[in-house]
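Subject: Structure handover

Hello,

Here is the structure I promised to pass on. Please open it alongside this note.

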Amino acid sequence: MEISAEKLRLYAVADCARLNGHALVEAAKDLLAAGVTCFEMEAGPLSEAEFEEQARELLPLCRRLHVPFLVRNSIEAVQRLDADGVRLDWSETKVAEARRALGMEKIVGASAHCVREAILARRQGADFLVCGSVFGSSLNDDVVALERPELWRICKAADVPVVAAGGITLQNAPLLIATGVAGIAVSRGLFGAPNRLIAGHTLRTMAERICAYQEEPPIINYRWRNR
C-alpha cells in the first residue's frame with residue numbers, strides 16, 4: 001500500500017490505556033466511521049497475544065475502508081500480521097533496517113524532531129514523518145517541545161508528508177495552520193473522548209482546514225506553544 005498526504009490527514013494513535021472501559025476494536029470502529037485516515041497500534045499495556053488478537057480484528061476493518069494499518073516499532077509484528085507498515089521512533093539506523101526487511105511494498109514511517117533527523121530518515125527510505133511534540137504529550141511527560149519554526153523547516157526540507165503529533169486538541173490545532181503539515185496525529189483526543197464519533201468527525205474537519213493553508217508563517221520566530 002502506498003501512503004499519501006490524504007491518507008495521513010487524521011492519524012489515530014491507539015491508546016489502549018485510555019479507552020474508558022471500551023474495547024479497542026469498538027473504539028476503532030467508531031473512529032474509522034468518523035473519518036480517521038490512518039491507524040497506528042502498539043502493544044502498550046497489552047500482552048503480545050492480546051495485541052495480535054486485536055490487531056487481527058482491526059486489520060480487515062481498516063482494509064475495507066482503505067485505511068493504512070501501521071504497527072509501532074515492530075518490524076516483526078508487521079511481517080507476522082501482514083500489516084500495511086511500521087512507524088518507528090527516532091533512530092540513526094532503524095529506518096534503513098525496516099526498509100531492507102519489509103521491501104518497497106510496505107509503508108515505513110519515522111519519528112523526527114529536527115531537520116537533520118528528517119533528512120536522514122528520508123534518505124534511508126522513510127515514506128512519511130511524524131514530528132513532535134508540538135503541544136506536549138498525553139503519553140509521555142518527558143518530551144522536548146518542537147517549536148513551530150522548526151516544524152515548518154522540517155516540512156520544507158522533507159520531500160515526504162509530515163504529520164504533527166503531541167498533545168493536539170481541537171482548541172490548539174489551529175496553531176498548526178501554515179506549517180506545511182499533511183496531517184495531525186491524535187491519541188487521547190480520539191480514544192479518550194466522551195463521544196468518539198463526534199471527536200473524530202470534528203478533528204477530521206479541522207485537519208482538512210489546517211492542511212488547506214500551506215503559506216509560510218509570517219513570523220518565523222513566533223513562540224507558539226500553549227500558554
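Predicted model: local features only at pLDDT ≥ 70, side-chain atom pairs only at ≥ 80, totals over all residues.

Strand β2 covers residues 38-41, and E40 is part of it. Is E40 buried or exposed? E40 is buried, because its relative accessibility is 1%, and the cut-off for buried is under 20%. The E40 side chain has a partner: a polar contact of 3.1 Å links it to the side chain of R72. Leaving aside residues up to four places away in sequence, E40 touches Y11, A12, V13, A14, L70, R72 and R87.

Now the nonpolar side. The largest nonpolar core has 65 residues. Which of them touch the most other members? They are F39, M41, F69, L129, L151 and F191. Take F39. Beyond four places in sequence, its contacts include A12, A14, L24, A28, L58, C62 and V67. P68, F69, L70 and F191 are also among the residues F39 touches. Another core, of 12 residues, lies apart from the largest one. Among its members are I3, V13, L70 and V130.

Next, helix α1, residues 24-34. Its buried residues are L24, V25, A27, A28, L31, L32 and A34. In an α-helix, residues three or four places apart point the same way, because there are 3.6 residues a turn. G35 follows α1, and its phi is positive, near 120 degrees.

Best wishes

Note on methods:
Residues numbered from 1 in each chain as written. Heavy atoms only, no water. Helix = DSSP H or I, 4+ residues; strand = E, 2+ residues; numbered from the N terminus. Buried < 20%, exposed > 50% of the residue type's maximum accessible area, 1.4 Å probe, protein only. Polar contact = N/O pair within 3.5 Å; in protein donor to acceptor, adjacent residues only side chain to side chain. Contact = heavy atoms within 4.5 Å. Core = buried A, V, L, I, M, F, W, Y, C linked by side-chain atoms within 4.5 Å.
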